[in-house]
Amino acid sequence: MLATLPRPLRDRLAETIVAALHDPRARDDLAALASGEAAVATWGGDAVAHGPSLRERARRASAALSGRRLDAGPLTRRDALDAAARLYEVGLFFEVHEVLEPLWREASGSDREALQGLIQVAVGYQHLANGNVAGARTLLAEGAVRLADRRLEGADLSPFAAAVRASAAALDAGAPADVDDGDRPAPAEAPPFPRELGVR
């Protein structure tokens, strides 16, 4: 799991990733960031200090979006869910939040609850990557409750909710940690995003 970057870098990279859903220049910027230090240096001082993390997040985003068509206009819900699934699958949980939040703001009723649950789960796993186990536990539990017995775009979210509950329970039980890419242990793994939500 990847810890987030300092806030200004985190927000700038997330903005670039969201723009890369429809803007070929933003996709090129991601690819350049992923490829080397020269592009990272153009982002300024903090970027250089956090270059390896910035490059890795950009690499994952670039790979996740490379085969995805560019959206011509505003994201449809299906397109946003597809983008969220792709980003979630490569461990870019904060960015999942950024893609889904506009949908959540516009939604109502059960759809709003389901989207909030997906966002809470993604942010929960980002908290876990950042070493905030208590925050992760809380958000994973709340997200699982919101997702249980719900459908979104025709997909049953209950199996995902159950997998998230099991992941949160592993945190409570102090399950053995898997070691990530060297930064910090990951006491629980994120279950796969519900694939039927994305356009595949």
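Contact, as used in this report, means heavy atoms within 4.5 Å.

## Basis of the report

The structure is a predicted model, in which local features need pLDDT of at least 70 and side-chain atom pairs count only at pLDDT 80 or more, while totals for chains, interfaces and linings use all residues. Residues are numbered from 1 along each chain as its sequence is written, and side-chain values use heavy atoms, with hydrogens and water left out.

## Helices H6 and H7

Helices are DSSP runs (H or I, at least four residues), numbered from the N terminus. Residues 77-89 form helix H6 and residues 93-106 form helix H7; the two pack at an angle of about 170 degrees, with axes 8 Å apart. Axes are lines fitted to C-alpha atoms over the stretch in contact, and angles run from 0 to 180 degrees between N-to-C directions. H6 is therefore roughly antiparallel to H7 (a term for angles over 145 degrees).

From H6, Arg77, Ala80, Leu81, Ala83, Ala84, Leu87 and Tyr88 meet Phe93, Glu95, Val96, Val99, Leu100 and Leu103 of H7. This contact has 11 nonpolar, no polar and 2 charged residues. Nonpolar covers Ala, Val, Leu, Ile, Met, Phe, Trp, Tyr, Cys and Pro; charged covers Asp, Glu, Lys and Arg; the others, Gly among them, are polar.

## Helices H7 and H8

Helix H8 spans residues 109-129, and its axis comes within 9 Å of that of H7, crossing at roughly 165 degrees. H7 and H8 are therefore roughly antiparallel to each other. Their crossing is left-handed (the near helix is turned anticlockwise from the far one by less than a right angle).

Among the residues making this contact are Phe94, His97 and Trp104 of H7 and Arg112, Ile119 and Tyr125 of H8. The contact of H7 with H8 divides into 12 nonpolar, 3 polar and 3 charged residues.

## Helices H1 and H2

The axes of helix H1 (residues 7-19) and helix H2 (residues 24-35) come within 8 Å and cross at roughly 130 degrees. Leu13, Thr16, Ile17 and Ala19 of H1 make the contact with Ala26, Asp29, Leu30 and Leu33 of H2. By class, these are 6 nonpolar, 1 polar and 1 charged residues.

## A pocket lined by H7

H7 also gives the most to the lining of the second largest pocket, with 5 residues. The lining has 8 nonpolar, 2 polar and 3 charged residues.

Terms used:
Parallel < 35°, antiparallel > 145°, perpendicular 65-115°, else oblique.
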